[in-house]
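Kindly keep the sequence and the model in view while reading.

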Amino acid sequence: MEWQSWPSLSLNQREKLPEQPGIYVVVDTDDQVWYVGKAVNLNARWYSKSHHRYRQLSRTNNKRGYRLHWQIFTIAELSDKEQQYIDLFKPHLNYTRVRKYAKKAIQPHQEISRLLKVINRKTLLFPNIRSLVLGYYTEIIENEETSLLDEYVVISIAVGINDHDGPIMNSCQKSLSKKGISIKGCWKYYESDDIETTSGKPVVIPIFILENVVYQFLCCPNLLMKLENCLCELENIEIAQQSVLALKDLSILPELVVNNGRFTLASEDYLRFRMPDLNPIQDLLN
């Protein structure tokens, strides 16, 4: 076969394709041709997962070990050459419709794991601390359905305004749509008018409930900023299969969570109220 003399790369190395026009051929380890196509820019056509056949090919790549063979042609030649090689190689996928795969609904444990991964990803704006597990406390709540008392472990996580209003609120909104039906009921809001706040606004804290664990997201940008000077007091731990940053010693919190006057957020006032209940997260993990 003519394609055997062409340069080639494995499907997993597709980002190394040249940025030139040409014809490409997808071949498996048994030398069976599966697809023939043309591209004005071979690299752009296959970069990332943009190719319309990529998802279909990737599902069987471990079994078949696909390779991409290519030959450079001028743009004017592409259409004629593509048809010539389709007629010559008779590739299976060129004569079938593109399969569409429905995405599996994300499950609650996957959603909280995804969120923790996002808010712990370092950026140029947050090179050291983007979010922080402060500690945990236990709370006993009456089950409305059974009238029994259920015990919950509440994990308090400090986040910045961007993450609070971004990925966390987006996940809350998604749980109310058809797209987020699988996490419906996981998101709730802790609300309290009893806690005195500097702004006079009621406390509203988004919480994610997974079985008997509650993840509580407190918008505390001032605290995170101050902790930049206390990096030695932080450690990496694993929660929900994600490596997250956590506070080692809760004794430093009182001097950091102070009233900043009109700049104090209701969630920071709530943290001062909840501070006596907090325990080091390592105690829970141990």
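The points below take up a charged patch, a helix and several loop residues in turn.

1. Please note at the outset that this is a predicted model.

2. On the surface, a patch of positive charge is formed by Lys49, Arg55, Arg59 and Lys104. One of these, arginine 59, sits in the loop that joins α2 (54-58) to α3 (61-64). Arginine 59 counts as exposed because its relative accessibility is 53%, and exposed means over 50%.

3. Helix α5 covers residues 108-119, twelve residues in total. From its first C-alpha to its last, α5 reaches 17 Å, close to the 16 Å expected at 1.5 Å a residue. The buried residues of α5 include Pro108, Glu111, Ile112, Leu115, Leu116 and Ile119. An α-helix has 3.6 residues a turn, so residues three or four places apart point the same way.

4. Glutamate 211 belongs to the loop between β8 (203-210) and β9 (213-219). With a relative accessible area of 72%, glutamate 211 is exposed. Between glutamate 211 and glutamate 77 there are 61 Å in space, C-alpha to C-alpha, and the two are 134 residues apart in sequence.

5. The loop between β10 (234-239) and β11 (242-247) holds alanine 240, and glutamine 241 lies in the loop between β10 and β11 as well. Although alanine 240 is not a glycine, it has a positive phi of about 55 degrees. Glutamine 241, also not a glycine, has a positive phi of about 65 degrees.

Definitions and conventions: Residues numbered from 1 in each chain as written. Predicted model: local features only at pLDDT ≥ 70, side-chain atom pairs only at ≥ 80, totals over all residues. Heavy atoms only, no water. Patch = residues over 30% accessible without salt bridge, like charges linked within 9 Å, V, L, I, M, F, W, Y side chains within 5 Å. Areas by Shrake-Rupley, 256 points an atom, 1.4 Å probe, with all protein chains shown as cover. Salt bridge = Lys/Arg side-chain N within 4 Å of Asp/Glu carboxyl O. Lys, Arg positive; Asp, Glu negative; His and termini not counted. Charge placed at Lys NZ, Arg CZ, Asp CG, Glu CD. Helix = DSSP H or I, 4+ residues; strand = E, 2+ residues; numbered from the N terminus. Buried < 20%, exposed > 50% of the residue type's maximum accessible area, 1.4 Å probe, protein only. Expected span 1.5 Å × (residues − 1).
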